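Me: Hi! Could you walk me through this one? I'd like to talk about the helices, the core and the interface.

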Amino acid sequence: MPEHHSESRSGGGFAERPAAAFIAVVCAWLLPGLGHIVLGQRARGGRIMAGALFLIFSGLLIGGVDSVDRVDDRLWFYAQAVNGPIVLVADAVNQRYVKHLPPERQLDTKGLGRANEMGTLFIALAGLMNLAVIFDVVSRSAMPGAEAAA
Amino acid sequence: MMSLTLAWTPFLEPVGWVHTWWYLLIVPLSFGLGMMYKPMRMSRFDRYWREVGIFVGQVTLGVIAMGIALAVLTEFVLPLLPAE
């Protein structure tokens, strides 16, 4: 049985309920994919969430938490922040803990070169893709239930 | 080697091998992007992983093709231009 049968949502479009659409958008930012789940599209949202978490945690694994740095990599951080609180927590850990380690320890934790570039890129691209996901939530929330599930 | 491996703290310290093999990361990068992109484009998910695999192949081959094109441009075409 195709999974999209479980994706349909009863009732009309969320355009008639802007508060519900707003909640879905906020949820999409809080945790990538959660907006679709709130709309009743669990299979779609779950896959999006898995992809976003894969990219975010891969980026953190490759470059360390120094891959998220709102002070030294501000423009990259704007793209990364679209991923929501996960990235904000990573930045807080970096600013408040990692950057206050003893200098000799920071030789190990400071991301340099390719590791820092790739870690930053993974998380930033996840953020930009989540921006498209948020637009998709907005689009689907304006459609009737069956059409939004397609 | 053993002590170096044990000394690495995941998520706190960057991985070391990336400096040599960074270009291979195009595969997991495009895999994750495909995992996020394809659900928005598909109405049913019975061919989901196949579509993600095709996406990874397309992105990887596209990047390789652009790399080859750039190498041809810089190594063979641009040197043909007059110096002045």
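Reply: Happy to. Helices here are DSSP runs of H or I with at least four residues, strands are runs of E with at least two, and both are numbered from the N terminus. This is a predicted model, where local features need pLDDT of at least 70, side-chain atom pairs count only at pLDDT 80 or more, and totals for chains, interfaces and linings use all residues. Residues are numbered from 1 along each chain as its sequence is written.

Me: Switching topic: which residues have the most contacts inside the largest nonpolar core?
Reply: A:Leu55, A:Leu60, A:Ile62, A:Val68, A:Phe122, B:Val18 and B:Met36, in a core of 30 residues. α7(A) gives the most to this core, 7 residues. A core means buried Ala, Val, Leu, Ile, Met, Phe, Trp, Tyr and Cys residues joined through side-chain atoms within 4.5 Å, with buried meaning under 20% relative accessible area (1.4 Å probe, protein chains only).

Me: And what is A:Val68 in contact with, beyond its neighbours within four places in sequence?
Reply: Its partners include A:Leu60, A:Phe77, A:Val87 and A:Ile123; contact is heavy atoms within 4.5 Å.

Me: Now the interface. How much area do chain A and chain B bury between them?
Reply: About 3,000 Å², 77% of it on carbon and sulfur atoms. That is accessible area (1.4 Å probe) lost on putting the two together, summed over both.

Me: How many salt bridges across it?
Reply: The rule finds 0, needing a Lys or Arg side-chain nitrogen within 4 Å of an Asp or Glu carboxyl oxygen.

How values were computed: Chains lettered and ligands numbered in written order. Heavy atoms only, no water. Buried < 20%, exposed > 50% of the residue type's maximum accessible area, 1.4 Å probe, protein only.
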